[in-house]
Every structure is written in C-alpha cells, then in structure tokens.
Amino acid sequence: MASLAKEPLPSDDAGPRTGAAEDAQPLDSPGKNAVSVLWSFGKCLGALLPIYLAGYFGFSLSLVFFCLVVYTGWKHSRDGKKARLQRAMYFLENEQDVTTTRVFRSKREIPAWVNFPDVEKVEWINKILQQAWPFIGQYLEKLLVETIAPSIRSASPHLQTLSFTKVDLGDRAIKVAGVKAYTEHDKRQVILDLYISYAGDVEINVEVKRYFCKAGVKGIQLHGKLRVILEPLIGDIPLVGAVTMFFIRRPKLDINWTGLTNLLDIPGLNAMSDTMIMDAIASFLVLPNRLTVPLVANLHVAQLRSPLPRGIVRIHLFEAENLAAKDNYVKGVISGKSDPYAVLRVGTQTFTSHHVDNNLNPQWREMYEVIVHEVPGQELELEVFDKDPDQDDFLGRMKLDLGIVKKAVVLDEWYTLKDATSGQVHLRLEWLSLLPSADRLTEVLRNQKITVTGKTANPPSAAILTVYLDRAQDLPFKKGNKDPSPLVQISVQETTKESRTAYGTINPVWEEAFTFFIKDPREKDIDIQVKDDDRALTLGNLTIPFSRLLTSPELSMDQWFQLDSSGPASRIYITALLRVLWLNEEAIPTTPVSPLPGEGDIESEVSPGTKVSPTLKRPDQTSPDSGFASEGVLRIHLVEAENLIAKDNLMGGMMKGKSDPYVKIRVGGMAFKSQVIKENLNPVWNELYEVILTQLPGQEVEFDLYDKDIDQDDFLGRVKISLRDLISAQFTDQWYNLNDVKSGRLHLVMEWVPKVSDPTRLEKIMHYNSLQSYKTKIVPSAALLFVYIERAHGLPLKKSGKEPKAGAELSIKNVSYRTKIPNHSTSPQWDEAFHFLIHNPKEDTLVVKLSHSWGQPLGALVLLRELLYEKDLVLDHWFTLDGAIPESEILLRAELKLLDSKLAQCSDSTTNAEEVTDIISSGEAAAESNRELRHRNVPVQGSDAAVKGKSQVKLSVAYSSDENRLVINVHACKNLPSFSKDPPDTYISFILLPDKNRTTKKKTIVKKRNLNPEFNERFYFDMSLEEAKQRRIELSVKNSVSFMSREKELFGKLQIDLNQLDLKAGLTQWYDLSNEIN
C-alpha cells in the first residue's frame, strides 16, 4: 500500500468513492433476470391501462401522456437514487476487498488515506461511532419528538397535528474515511480535516393528520471534507477553548424521499430541492460560515466564527484560446463557434464574467478579489461555458489550490482546461498579504493604478476592513416603553451590510463579523446605524473615521463606543481591524512552484507561463505622405474702410442716411463675417483672422461689403486678391479700391506667416504677441501644430467582449477633430492628418481620446509641451495610452512650427532667425486637408468700445454622490462690453451636450442694465457620474433684445468638457468668454 501513496487524487473531498461498488457487486443469476423481465412486462401492461381508461372516459390523450412522462422521470430519478445508495452501502461494508481488487483499475475510487500518506485511516473512530450509533439514534428521536415537534406545532396553527411517526438512523453509522492534521500554522490551535462519508438507511417519517399528509426520508448520502479547528489551546481543563467546524467546499448530498415528498424526485424539482437543502447547509456550515461551540466562558466567539482571512487573492482573468465550438446550425451541418464566459468559485464566492459572442479565443480582461479563509484547502475552481438561449454548454474546467498561489506570490500562466477536447485559459493570480501597519499604504495606493476593462472595471482594493459586532447595552425603548428588536447596518463607502435581528431586548448580542474591501482608506468613514427591525426607527448611530483607525496601534480598535442620537447610557461594543493589502514581490521564489497533484502529467502544447503566438513586426515610426505639414497660415488684418456708399434712406428717400457696413470674407471655400458698424461710412473694424491653407491653383481671397438692413442687405463693394500673389509678396499693407460700386476703398494688412523650427524664437514671438493690445487680450497664435495619427495596437475589447470600432478624437481647448471609424479591430489604422493653431505651446495641451463609436472610452494621450524639448520640434513614435490596458499604444507624429511674423522679426534687434519656408509646395503634390480660422477683435485705441479686462463668467460645477445628480451654479459675469449708450439686459443660457432637449437646456433670469450682473442660480441634472463625465457645457451670455432691435444679442460663448474636471471635488472659477464667430 505504500507504493499507492504516490498516486494523487484530483480531489480530496469525497473520501471513498461510491462508483467502485458498481463493479464490485455479484452478478444476478439467470433465473432472477427472467423474473425481472416478466415483472417489467407486467408493469408495461399496467401502464397501458390508464390509456385505455382515458379513452373510455373521454379524457385528453395529451394529459395522459404528460402524466406518464412525469411518472417515468420520477421513477427513473428514484431508482437511480436507490441504486446509488445501495452501491455506496456495499462499498462501505466491503471497503478493503473493493480497494485491493480495484485499486489498479481506477485511481479515483481509492479512499483519501490510500492516496496521501499524511492522511491517516482512523478505524478506531469508526468503531466507536458504530458502537454508539444506536444511542445517537435514541437521542435524535428524543430531540425530534420532545423538542422540535412541539416547537413546530406551536409555530403554525396548520401544523398542530404534526408528529414524527418514525425516527430510525438505521444500522450504518457515519464513517470517517481519513484524518489529516495540521499543527505547523499556529501553536495555539490544531486543525483536523475529516473525510466524512455517510451512506445510511436512515428513515424519518412525518405525518400531519389534519391534512392526511405523510412525508419522510429513507436513505441519505453525504460525502465531504469537514475541517475541525481546536482553538485556543489553554492551560486548564478542557484544554481547548472552543471547537469550530465547517466544510471547506460544499459536500455532496443525495436524499431518497418518501411519502408526499416523493414529488421532489420529479426531474427539475429534484435538482431544485437538493440545491435548496445544500444552500441551507452552506449558510451555516460551508466557508465562510462556521459552527463554533465554545467550551469555556469569556471567549470572543465572533472572532472565532469569522477570523481574519489568511490573505486575499487577486485574480486577473485575461483570455482563453482554442476553445471547443459548440454552436451548430442546420442540425449540425454547419459548424459555428461559441459564446464563452467563465464562472470562478472560491468557496461560496462566485463570479461570472461577461460572455464574448462568437469567439473561440475570447478576451475577458476582468479582475476579481477573493477572500481566502483557509490554506491549504481552499481551491479556485474555474469553469467555462458557451452561452445559449436554453442550456449553456460546458467547455472545460480547471482547479488550483490557493496554497500554491500563497507559496508563489504571483502566478501568470496558461492552464489547460480539463474534461474538454481543447482549450486553455490565461490567469494571473496574486497573493496579497495583510499588513497591520499603514507604513506601505502610500506605496499600495500608488501601485493601485491598474486599469481593468470590462464589466469589472473597478480599481483594485488597497485594504480590507473587518468589523466584529459584539453587543449593545441600554438601547432606548420604542414608543409605549416596548422593547425594540434591534439590528445594525454598517456602511463603508458604497457598501452596506446588515446584522441579524435580536428580538425584544435593549441589550442585544449579535456576535457577528463583516468584511469590506476598501479602495482608499483615507476617504470617508465607517457609518454604523442601530435600527429597530422595521428599519424606520433609529435607535442610535456611530461614525468611526478611517483617520482614527489609521493612527491606532496595529490598525485596530477594540472598545465600547457611545451611540449618538440614542439614550444617555446607550453604547455598543465593536472591534474594527484594518489590514493593508500588500503584494510582496520580493518574496516571489526564484525556483518554479510545484503544481497541484495531478497537474504535472497533463499534456499540453502550451507550457505553463508561456504563450507562443505569431506577431507581425510593427513600424517604429509613421509614414505620412509628402504633403504632410506643408500647410501655411494666412493672417488677415481687416483694418478699416472709407468713402462707402450711403444706402439707408429715411421717409421714403426724402432724407439721406448712412450705412451699417460689415464685411464677408471668403477663402478656400469658407466664409466669415465681421462685426456690423452702425451708421458709419468710414468704419473701423480692426479684426484679425488666422486661416490655415493649402496652396491650390486659382485660389482667391474675396472681401464683400454689405449694408446691414432688416430685410435684405445692400451691396457696398467687393475686393478679390490672388492667394498666389499674397504668398509671393509674403507681407502687404495697402488700400484696395472697391469694385462694382461708385466709391469706397478697404484697408487690409495680410501676411503669409513664415514657419520656423527654432525653439529659441518662441520667447521672442510670444513677447511680441503679448505687446499687441486687443479687445479681449487675445494675442495672435504662436505656433502651428501638425498631427498625423497612423494606427493603434492592443486596444481593450468592448464591454460585450467584441472588438471595438475605434475612433480617435483630437482636441486642443475648444477645437476638436475626429478620425474616421474603421471596422472592428483592436489594432485600427487611420492614416489621417490634422492641424491646430496654438496660442501658447507652454500651456496648451493636445488630448487624443480613443473610443468605440464615440462612446466607450478605450484610452487617452496628452502631449504638446514635450515637443519643445525635441530636436526640430518633432515627436514620432509609439505612445502608451492612459486609461487602457498595459499593451495599448498609438503611433502618431506631432510636428510643431513656430509662426515667426515679419513684424516680430522687425521689432527684434536680433535677426538670427532660422531660414523659413516662404512658399507652400505646389498644389499638385499637396493633399487637401481641413482648414481652421481663428477670429480676433482688435479695438481702436481710444474708442468708447474699448473695455479693460476680459469678459468672464463665474461657474461652479460639481457632482453630488448622495443625490446622484450634477449641480451647476451660475454666479455672475464681469467686464461685459457695451454696444449702446445703455447697459444691456443680460441673461445666461446653456445646454448639456450632446443631448439637445428641454431637460438639458437652462437659462437664468434677466438682469436689467448691468455689465457685471450677479445671478447666483443653481441648476440640477439627474444622472450618474459616468453620464456626467461624458457631457459638455455649451454656455452663451446674451443681451435680452426684441427681434426688431439692432443691438448685438450675443456677448460671448463658452464650452467646458466635464471629463476634464474633478466633479466629485467640485470646482468654482472664472471662465473667459470667447468672441462670437458668425
């Protein structure tokens, strides 16, 4: 038998296996078989009798058929239970013979003590149990008849006639197939694993005479591993302070019903009833639940029932490959794929991943954190299924002893799925130790920045909190001096757990424990509410700040706490323990960790820890076309006009008026409109425009002047200038006569701005621009940014598990562009170019956001200032994406060109400017691209319209987690311009984009005649925090005028991307208003 100890078992739960008895029973004689056949034939004739009677009496044949189907299923299930029970009994009675004759045919049928030398066969215990079994039966009969039955009868008037008519435990006692002892973990405890096996002929019958009901049980099978912990060991009799027992995993249960409960053997009800019974057993005897029997007084029973976990295992479920295809079409003619999902179990903790449609190599990328109560012993069980509308198909399973994870600290391997034709699953398992000190908390929070996509996208936990709820004293009475029935609700962050109810007492004893995962122990508090069982009456409350717990010795508090909003002497005894979760990577062994018994002989093409997959070589840099970054900037300064034609006539033409001129500018297919100057034939605009252009043959810059009227605007003249001439001249400052009219001319200053790549010129350029005094203090752009976005790699999957349709959105302040959306892929390719005018390269930032069809975010990138430290102001390589999985990257080229105006060069005594490209390359070679225009207003020096300071609006934006809504406070405006003699009637309107409906549009009241109005109005929007982060505020400050008025209505606009704000913290600040772009 010693040689047999080398053969491991896949599972050590069941002890002796009943399957061995199938071949161990003697075969029936031929005579017995003939009688059995005749008896079966007679039963078939009997089964036909109901069909004949149904036809005779006119019953529906379908009803008879249905009853026969139910009866057949019930009979099959019942016969199967009887057969299993008989085989198990035979095996237990003939264990030695079966073991010796069958050992070489099936390893799985060997008892635990045969397979493992450290599991001892304790036959002396079984002899004691067998000898004492009749007396145990007598005690149970007395307990049921004299104690339990009267309690049931008094509980319900319908059960007043209930009685136990028979209680017989039978002749076969429960057996202990083996015992394994652990003494090396803690010197103050002894751990015993008892391999329990019971296949008994127990018979218990119950009768309710009032309803003529009889029910009962005749035969039970129970197999499992029961762990018994003797702790604490003490120096007095009985030497052990308490006995704690529990099943590490659910035991296997099979019940043979009799009487009315025979209905529970009907297929469907059979599995449901067994599951309900197992759930009841698990609720107090399967981890994390324990049955604790104290043997001495003054013990912390709650801490024995719920001790601190041994550790936490963080499970990263990455992916699987080569799964079996289970979806077939046209009755199996066409083979499909599978829709796999995974189910992970550790004790009673169960997690289910999302399913991935139509994929044999799914990627889940989900993270779970499980509490490990006992090692060795607890296992991670993973099963993969194919999602189907009816019944899900099994795709394979694997098991892993978490003691292996504790020893290895980190396991990142591929595991072959058992009981399947093919398939592997990729897991990363991390063992997190529990530290009773906050010294490493900052480091843990810093390392917490692991992003997990999918349904479980929550950040990892930094600590766990265990609260032992012991008792309370002197709670207040209810109305009428009635005793309350108190319970306790404990809330930490967004999780609330509730104790059981202690009925009719002001001194309740709960002795319960609760465990919470904590994301950041520095945030929020522990909120404890003591309530009556109706949950409407609060008997007291208590708040324990985490800061107090973090400064306590060993991060623990064990004391009485005075309750607030309660009686003067009301108090509660609580023990709170905080433990920091620490991944001790320094303890990772350098030698491989031994696998589980039975894992070493698994044949797999993919060895653990490695994954071979062909990969294509990725380019190191982008490859834009030759026309990239060839665009230039045309700066147009619309100064003034003179001698315009008067078009406004009064009193039917009897009185000559003036005109209200404005200019329309058209260039490169775009049109822009200047301000209207009222009643002036010599208007001064002084407006600045910056246009990004690609040189194409025949392009012109066209200026059309009009007189603003209520009905149709009158034409005042036109000027056309060749773009080629402007580029050749580089700089012009002259008057242009207006065409197609009798009189009038237009003063324009235009420049094709040179581009340089010398970063030393930036300070001088920005200094010159800062000297320009404009109405809103906006200076000309200092640079032109070119961005070529080529491709991405390793993007995360959608929440559904499918590959995304990824698009990229590029934005700088309020200017944004979007790429095209390619087909579904985690490595999309765009090959698109964009350009931006940059106001201040030291402060502005380029934000690149990737998302699935402009919805689910896939990652982001922020850059610009880095360009100033690069040679030639160019960056061209792969960039890691933030907010994505570690392998997510994007390949792009960012090139910055400084706009070095001739005016800036002339004002600078140092003329060591880098040689610039004066002429844009020919249009035949240049690719047509998007163009952008920036509109600047330059006031006339000394004009009444000049306003000191920018027009601004003050807002507060915050998200209220308690109320689940977004709160926007509109405070005030300042420095609004005045376009008439009287101050304007101001109001503010805004909308939450992208939705455009009545619920997202809001406006303030109108403040009469005020350039610095104060509103102080608050607006609420009911939505989740995730929804709020996807919104943008588009705000307008307006003048309340009639539709017939010629006053200016819009003062300025503002756009705020809420994703850029810390909504939880809230933000109050002044925002600059941008000028109106017509």
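1. Lysine 1038 is in contact (heavy atoms within 4.5 Å) with Asp985, Thr986, Tyr987, Ser989, Glu1049, Leu1050 and Phe1051, leaving aside residues up to four places away in sequence. Strand 51 (residues 1032-1039) contains lysine 1038; helices (H or I, at least four residues) and strands (E, at least two) are DSSP runs, numbered from the N terminus. With a relative accessible area of 22%, lysine 1038 is partly exposed; buried means under 20% relative accessible area, exposed over 50%, and partly exposed in between (1.4 Å probe, protein chains only).

2. On provenance, this is a predicted model, in which local features need pLDDT of at least 70 and side-chain atom pairs count only at pLDDT 80 or more, while totals for chains, interfaces and linings use all residues. Residues are numbered from 1 along each chain as its sequence is written, and side-chain values use heavy atoms, with hydrogens and water left out.

3. The protein chain has 15 helices and 53 strands. Of its 1078 residues, 47% count as buried. Among contacts with a separation of 6 or more, 67% are between residues 24 or more positions apart. The chain exposes about 54,900 Å², of which carbon and sulfur atoms supply 52%; these areas come from the Shrake-Rupley method with a 1.4 Å probe, and for residues only the protein chains shown count as cover.

4. The largest nonpolar core comprises 40 residues, and those with the most contacts inside it are Leu785, Phe836, Leu846, Val848, Leu850, Ile890 and Leu896. Such a core is a set of buried Ala, Val, Leu, Ile, Met, Phe, Trp, Tyr and Cys residues joined through side-chain atoms within 4.5 Å. Leucine 896 touches, among others, Leu784, Leu785, Ile838, Leu864 and Leu868, and also Asp872, with residues up to four places away in sequence not counted. A second, separate core of 38 residues includes Phe514, Ile518, Leu555 and Leu563. In soluble globular proteins, nonpolar side chains tend to be buried together.

5. Leucine 555 lies in the loop between helix 11 (546-550) and strand 24 (556-562), and at 2% relative accessibility it counts as buried. Asparagine 358 likewise has a positive phi, of about 50°, without being a glycine. Asparagine 358 is placed in the loop between strand 12 (349-352) and strand 13 and is partly exposed, with a relative accessible area of 45%.

6. One joins glutamate 231 and proline 232, with omega about -10°; proline 232 is in strand 4 (residues 213-233). The other runs from isoleucine 237 to proline 238, with omega near 15°; proline 238 is in the loop between strand 4 and strand 5 (240-247). Most residues other than glycine have a negative phi, and most peptide bonds are trans.

7. In strand 8 (residues 311-321), eleven of eleven residues are buried. Strand 8 runs antiparallel to strand 13 (residues 363-372), to which eight bridges join it; two strands pair if DSSP finds at least two bridges between them. Valine 313 has valine 370 of strand 13 as its bridge partner. Nine bridges join strand 8 to strand 17 (residues 424-435), again antiparallel, and isoleucine 315 stands opposite leucine 429 in strand 17.

8. The whole structure contains 13 aromatic pairs: rings of Phe, Tyr and Trp (its six-membered ring) pair if their centres lie within 6.5 Å, with planes under 30 degrees apart counted as stacked, over 60 as edge-to-face and the rest as tilted. Tyrosine 341 and phenylalanine 385 form a stacked pair, 5.8 Å centre to centre with 25° between the planes. Tyrosine 341 lies in strand 11 (residues 340-346) and phenylalanine 385 in strand 14 (residues 379-386), so the pair ties together parts that are 44 residues apart in sequence. Both residues are buried, and Tyr341, Phe385 and Phe394 form one aromatic cluster.
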